[in-house]
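Please look over the model first.

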Amino acid sequence: MPQSQPQPQQSPAERPSPVSRVDVQLGERSYSVHVGPGARNLLPDVVAVLGARRAAVVTARPPGTVPDPGVPSTVIAVRDGERHKTLATVEDLCRRFTAFGITRHDVVVSCGGGTTTDTAGLAAALHHRGVPVIHLPTTLLAQVDASVGGKTAVNLPEGKNLVGAYWQPAAVLCDTTYLETLPAEEWTNGYGEIARCHFIGAGDLRGLAVHEQVTASLRLKASVVSADERDTGRRHVLNYGHTLGHALETATGFAVRHGVGVAIGTVFAGRLALALGRITAGRAEEHAQVVRDYGLPGALPADADPAVLITLMRRDKKAAGDGLAFVLDGPHGAELVPGVPEDVVRRVLDGMPRQGGGPARP
């Protein structure tokens with residue numbers, strides 16, 4: 001069911017759903033993710049359970065979109081977007097926290113897309129060596145992925161998410177009514193993450209209501225994070241499609257947005273797995289079909305330079321030494337594959353279709 005413009009397959013308003021709960025089991029760092037319309041209204045209860053004395057609300061959304069946390073609070077306006085996900089922003093947030101008197105006995109609340117949850121989460125992790133944080137993700141991408149799992153990071157000019165820390169939230173409130181006013185490009189961004197879930201254990205989520213897609217994606221992520229909090233093994237599968245995706249974001253100055261990059265990276269991952277003899281041609285084509293069914297592009301930008309992309313992919317956090325590493329499908333499912341030969345990667349990149357109808361490079 002290819003779509004010319006990505007749109008919600010069924011908005012939360014059309015099929016109201018109760019708030020559901022997904023638990024991330026990490027011992028003393030365990031927390032719950034609440035999904036559904038009105039989930040944001042749980043905020044004062046969560047703050048009360050934490051015993052926080054005051055709150056710093058970091059928001060990229062208009063006033064009134066964040067409920068009163070129930071304690072004295074300050075509102076810090078920020079902007080979503082990769083260009084604002086920097087160490088300078090983190091420093092500014094920490095200084096604002098200090099001015100309001102935020103300590104580790106208080107709480108930081110983030111409200112915005114994935115770049116806001118990343119940046120506010122890192123600031124919370126660093127301020128006083130760790131202040132509890134509650135995320136209120138407002139985009140599809142942030143709800144299905146970025147706000148859950150404890151990875152916080154900002155970008156450097158040399159690459160994406162190169163400076164960060166693991167800092168699990170105290171709770172995540174995925175209010176699906178936030179999604180009702182998203183522009184088409186934000187649905188694209190989110191569906192890129194949902195599409196890659198097809199190949200890492202979530203099953204076929206196409207055609208489900210948005211609430212069900214979000215919940216299924218989160219159940220998968222919660223199970224993976226609970227088993228491998230710090231990316232030492234199984235958690236690598238969550239990076240399916242991300243190695244090329246992150247390189248495309250950096251190479252284009254973030255003109256290619258994260259979800260689109262992941263979608264293109266997912267198609268590439270299928271082709272690379274085929275080239276390495278890990279999957280059949282039919283399974284590789286399934287990668288392209290799933291991406292198309294979510295209304296996402298699977299072709300490289302017309303001017304993408306494989307040499308530049310390979311250089312950027314060498315800086316990926318999964319890479320070991322000078323080798324290239326990718327999460328790829330195979331006989332036993334998705335897994336991290338290190339030591340992928342550069343000539344094979346180059347050949348697959350050269351064979352990728354190009355946006356605008358251009359042919360693959362010879």
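How many salt bridges does the count come to? The count comes to 23 salt bridges, a salt bridge being a side-chain nitrogen of Lys or Arg within 4 Å of a carboxyl oxygen of Asp or Glu. This is a predicted model, in which local features need pLDDT of at least 70, side-chain atom pairs count only at pLDDT 80 or more, and totals for chains, interfaces and linings use all residues. Residues are numbered from 1 along each chain as its sequence is written, and side-chain values use heavy atoms, leaving out hydrogens and water.

**The network**
- Salt bridges link Glu82, Lys85, Asp118, Lys160 and Glu249 in a network.
- Within it, Lys85 pairs with Glu82, with 3.7 Å between the closest N and O atoms.
- Lys85 and Glu82 are both buried (buried is under 20% relative accessible area, exposed over 50%, partly exposed in between; 1.4 Å probe, protein chains only).

**Lys160 and Glu249**
- Lys160 bridges to Glu249, the closest N and O atoms lying 2.7 Å apart.
- This pair links distant parts of the chain, 89 residues apart: Lys160 is in strand E8 (residues 159-166) and Glu249 in helix H7.
- Helices (H or I, at least four residues) and strands (E, at least two) are DSSP runs, numbered from the N terminus.
- Lys160 is buried at 8% relative accessibility.
- Glu249 is buried at 1%.

**Lys151 and Asp231**
- Lys151 and Asp231 form a salt bridge at 2.6 Å, N to O.
- Lys151 lies in strand E7 (residues 151-156) and Asp231 in the loop between helix H6 (210-227) and helix H7 (242-251), so the pair ties together parts 80 residues apart in sequence.
- Lys151 is partly exposed, at 32% relative accessibility.
- Asp231 is buried, at 17%.
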